[in-house]
Structure formats: structure tokens, C-alpha cells
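Please read it with the coordinates open.

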Amino acid sequence: MLRLGDRTIGDDLLVMAIVNRTPDSFYDKGATFAREEALRRVDEVVAEGADIVDIGGVKAAPGTEVDVAEEIERTASFVTEVRDRHPSLIISVDTWRHEVGREACRAGADLLNDAWGGVDPRLAEVAAEFGVGLVCTHAGGLPPRTRPHRIEYEDVVADVISRTTALAERAVTVGVDPDRVLIDPGHDFGKNTWHSLEVTRRLDELVATGWPVLVSLSNKDFVGESLGLPVDQRMFGTLAATAVCAWQGACVYRAHNVAPTRQVLDMVAVTRGLREPARAVRGLA
């Protein structure tokens with residue numbers, strides 16, 4: 001069972017929409033950095049079927065330094081505004097810093113998305129303190145905002161399972177509700193394209209750990225390198241990878257393109273027998 005905010009999730013496949021309060025994000029190039037544009041985007045993705053909105057204040061890739069105060073400024077007050085507009089929405093904040101996590105939780109966040117593999121162990125303690133969820137991600141041991149260079153694994157999936165489950169177990173030890181913990185294999189983070197593809201093929205092994213699995217596939221380099229496509233042409237490849245992960249049992253999908261992701265997940269859920277078709281009259285009427 002997974003619980004996020006006031007919602008209990010059974011077999012539902014959830015879309016986590018990305019809203020970056022950054023001027024230099026790799027996909028939208030800062031389109032939602034301005035407050036009004038970010039709020040408009042939140043309204044839009046909720047209408048398109050997003051279950052969760054993930055708010056980020058620092059891009060993952062190397063770039064201009066963003067200190068703690070600036071990251072808080074970009075995220076915490078925005079969380080308050082989103083909560084006022086969408087009281088039942090699950091709000092996530094993408095951060096590795098416990099100071100940011102604390103202010104985000106005070107503002108009303110339900111989930112802390114730690115994309116850098118527990119580099120700040122106090123973030124889990126903040127999640128425990130406020131009774132919110134925590135995403136435990138594999139980043140190959142790299143520091144935040146660094147790219148992998150000739151990184152090697154004896155078995156990348158074994159490493160992902162070992163690191164993420166250790167983070168999840170530690171989170172529970174410090175007081176995070178086990179029903180509010182997810183693991184994320186961290187596609188592209190601390191990985192080359194071959195690693196990310198292997199993790200995708202073998203995602204069922206992560207699902208078999210019993211921890212709910214979140215995947216962040218959207219428009220990433222492993223998709224672009226697989227197809228030889230730039231960032232703005234990776235949606236269909238992303239959706240194919242989404243379907244593969246959904247068939248194997250991941251439950252949360254962090255995405256830029258919400259409406260098509262929602263349709264893919266709904267189709268996989270119907271095919272797997274997790275939900276009924278929206279309409280089924282063919283051959284019956």
C-alpha cells in the first residue's frame with residue numbers, strides 16, 4: 001500500500017507532473033520559472049490528469065549555483081499557492097537539501113523527492129518529522145548536479161536495488177511511515193544509456209522488492225541516445241519506455257507530457273486488468 005497526502009493508492013498508476021521553478025531547465029528552458037506561468041502550468045496539468053505535481057527549484061544538470069535561500073524562495077511560497085488552488089492535489093518538492101525540505105513541508109508539501117540518493121541524510125528526518133512521503137533514488141553515489149563519467153557496475157540493477165532499499169529502510173528507521181516511501185532507479189542519474197536501458201528491461205526486479213517504484217523517464221538522454229533524437233523530439237520514445245515500466249508494475253511516472261502519459265498508463269492498466277475500459281459496447285450492442 002502507498003499513501004501520499006490524504007490519498008491511499010492501490011493499483012492506481014499515478015502521473016507526477018514536472019513544474020520547474022528554474023530559468024535553465026533542460027526541457028522547457030525556463031518556461032515555468034515565472035510565478036504566473038508556473039501556476040498556469042499547474043492548473044493545466046491538473047486538468048490533464050496529473051495526480052501529483054513535482055516542484056523543483058534547481059535543475060539536475062551542472063549550471064549556475066543555487067544556494068539554499070534561493071531554492072527555498074523558488075519553491076516554498078509556491079507550494080503554499082498551489083495548495084490554496086488545489087487543496088486535494090499531492091504536492092511534491094524535488095530537493096536533496098533538508099533545509100528546503102523543511103520549508104516545503106511547512107508550506108504544505110506531501111512528498112520530498114530526493115533525486116540524489118540520500119546525500120543529505122537529514123532530509124529523511126524532515127520527512128519523518130512532518131509525516132510526509134520520501135522518494136529514495138539511485139544516483140550511483142554521485143554528488144548533486146554532476147554527470148557520470150565512464151561509470152561502471154558489475155550489475156547495475158543489483159546496485160540500484162541495494163542502494164535504494166537501504167535508503168528506504170533507513171528512512172523507516174528514522175521514522176518515515178513505510179507506506180509513504182518510494183524507490184526510484186534514477187534513469188540517467190549515475191548511469192550511461194546502456195545502464196538505463198537495462199534498468200528499464202529489469203524493472204520488475206525493483207517492483208519485486210515490495211517498495212512502490214517511481215520512474216522518471218521523461219525526455220531523458222537514454223531515450224534520445226536510443227533513438228538519435230534531440231530533447232524536443234523524445235516524447236514517443238518516452239511513452240514507449242513508460243509502457244514497458246507500467247507493464248512491469250511501477251506505480252508513479254514523473255512526466256513533462258501529462259495527457260499522453262495518462263493515456264498510456266490507462267491503456268496499460270486496462271490491459272493488465274487493473275481497471276475497466278471506459279466504454280465497452282463492441283460486439284455487445
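1. Basis. This is a predicted model, in which local features need pLDDT of at least 70, side-chain atom pairs count only at pLDDT 80 or more, and totals for chains, interfaces and linings use all residues. Residues are numbered from 1 along each chain as its sequence is written, and side-chain values use heavy atoms, with hydrogens and water left out.

2. Salt-bridge count. A salt bridge here is a side-chain nitrogen of Lys or Arg within 4 Å of a carboxyl oxygen of Asp or Glu. The rule gives 27 salt bridges. Side chains of opposite charge can pair when their charged atoms come close.

3. Arg85 and Asp43. These two form a salt bridge, with the closest N and O atoms 2.4 Å apart. The pair links distant parts of the chain: Arg85 sits in helix H2 (residues 68-85) and Asp43 in helix H1 (residues 35-47), 42 residues apart. Helices (H or I, at least four residues) and strands (E, at least two) are DSSP runs, numbered from the N terminus. Arg85 is partly exposed at 42% relative accessible area. Asp43 is also partly exposed, at 28%. The classes are buried (under 20% relative accessible area), exposed (over 50%) and partly exposed (in between), with a 1.4 Å probe and protein chains only.

4. Asp155 and Arg202. Their closest N and O atoms are 3.2 Å apart in a salt bridge. This pair too joins distant parts of the chain, 47 residues apart: Asp155 lies in the loop between strand E7 (133-137) and helix H5 (156-173), Arg202 in the loop between helix H6 (193-201) and helix H7 (203-207).

5. Asp159 and Arg163. Here the salt bridge is 2.6 Å, N to O. Both residues are in helix H5, 4 residues apart, so about one helical turn separates them.

6. A network. Salt bridges link Arg7, Asp12, Asp51, Arg262, Asp266 and Arg275.

7. Helix H10. Which residues of H10 are buried? They are Val258, Thr261, Arg262, Val264, Leu265, Val268 and Ala269. The buried residues pack against strand E3 (14-20), H1, helix H9 (235-248) and strand E10 (252-255), where contact means heavy atoms within 4.5 Å.

8. After H10. Gly273, just after the helix, takes a positive phi of about 80 degrees.
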